[in-house]
Amino acid sequence: MSVAGIVVTHGPDPDLECCLAALGPQVDELVVVANPPAPTVDAELIVNARPLGFAANANRGIAATTASLVVVANPDTQARPDAVGLLREFAETHPRAGVVGPQLQFPGGSWQPSRRRFPTVTGTLVRRTPLRKVLRPETRQVDHYQLDERPTEPVQADWMLAAFLLLRREMLAELGGFDPGFRLYGEDIDLCYRAAKAGWERWYVPEAIVTHTHAAVTDRRFFTRRTWWHWRGIWRFVRKHPERLRAL
């Protein structure tokens, strides 16, 4: 199965060149979708007339490619040389795998918890308000972050961070792609939730390894533009899927 690589960037990024150098040799098509100003890249470049969110940019890249599998990546990721091949091989042998994610690692090589449970109301309040300073969700919400589980074999997941995901085009066509109503944050949860409801599997494949810098701005600061986008994403997800309000 052919694979397209789509890198979404929201402005100048010092990691973009390394990201493309690692991803380019592993894919059959390579597209960068950028908010202005336009970067200089060795790939097909799509530059928006005005800034768009991650979901809308990912959809533009998906529409510009034809491969049956699509890797959507952040510019602060760097895939090991065999990462995409391992994800592709897994997708080829699991026809209902609509979303396949690698093991993410921090630049120093430590494990990054990218496989998550679908959010609950109380868990979200703890993670996205000043309560996190007191209750420390990264240690108390072990189940959400699945901190007790570090599988060495492929396992199914509720959802995974969209920093680097391999997606099946057939699934994207059925679901209508990412929801562009999400500006930034929440679009990965929403896509995986809709995939689950439609019977598509989401798999975590730890043998495939990708380094992810992961700035995690909203985990450190509460009153920023990104924090507002995060809460808008949460509100949109709840409006679309009100049954999640019963998940306390």
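The model is predicted. The protein has 248 residues, and 54% of them are buried. Its secondary structure consists of 11 helices and 12 strands. Sequence distance matters for reading the contacts: of those between residues at least 6 apart in sequence, 77% join residues at least 24 apart.

The buried residues are Phe54, Ala55, Ala56, Asn57, Ala58, Gly61 and Ile62. What do they pack against? Their partners include the strands β1 (3-9), β2 (29-34) and β4 (69-73). The helices α8 (169-175) and α9 (187-197) also pack against the buried residues of α2.

Ala208 lies in strand β12, which covers residues 201-212. Its relative accessible area is 0%, and therefore Ala208 counts as buried, the limit being under 20%. Which residues does Ala208 touch, leaving aside its neighbours within four places in sequence? They are Ala83, Leu86, Leu87, Pro102 and Gln103. Asp82 and Ala208 are separated by 126 residues in sequence, yet their C-alpha atoms are 7.0 Å apart in space.

Next comes a pocket. The second largest pocket has a volume of about 180 Å³. Its lining is made of Leu16, Glu17, Leu20, Ala21, Leu30, Thr40, Val41 and Asp42. Helix α1, residues 16-23, gives the largest share of this lining, with four residues. By type, the lining of the second largest pocket has five nonpolar residues, one polar residue and two charged residues.

The cysteines come last. A disulfide is a covalent bond between the sulfur atoms of two cysteines. A search of the whole structure finds zero disulfides. Cys19 is an example: the nearest cysteine sulfur belongs to Cys18 and is 8.9 Å away. That distance is not within the 2.5 Å that a disulfide requires, so Cys19 is in no disulfide. Is Cys19 buried or exposed? With a relative accessible area of 3%, Cys19 is buried. Cys192 is buried as well, at 1% relative accessibility.

Terms used. Residues numbered from 1 in each chain as written. Predicted model: local features only at pLDDT ≥ 70, side-chain atom pairs only at ≥ 80, totals over all residues. Heavy atoms only, no water. Helix = DSSP H or I, 4+ residues; strand = E, 2+ residues; numbered from the N terminus. Buried < 20%, exposed > 50% of the residue type's maximum accessible area, 1.4 Å probe, protein only. Contact = heavy atoms within 4.5 Å. 1 Å grid on protein atoms, 1.4 Å probe; cavity = no way out; pocket = protein on both sides within 12 Å on 5 of 7 lines; lining within 4 Å. Points joined across faces, edges and corners; volume = space filled by probe spheres on them. Nonpolar A, V, L, I, M, F, W, Y, C, P; charged D, E, K, R; others polar.
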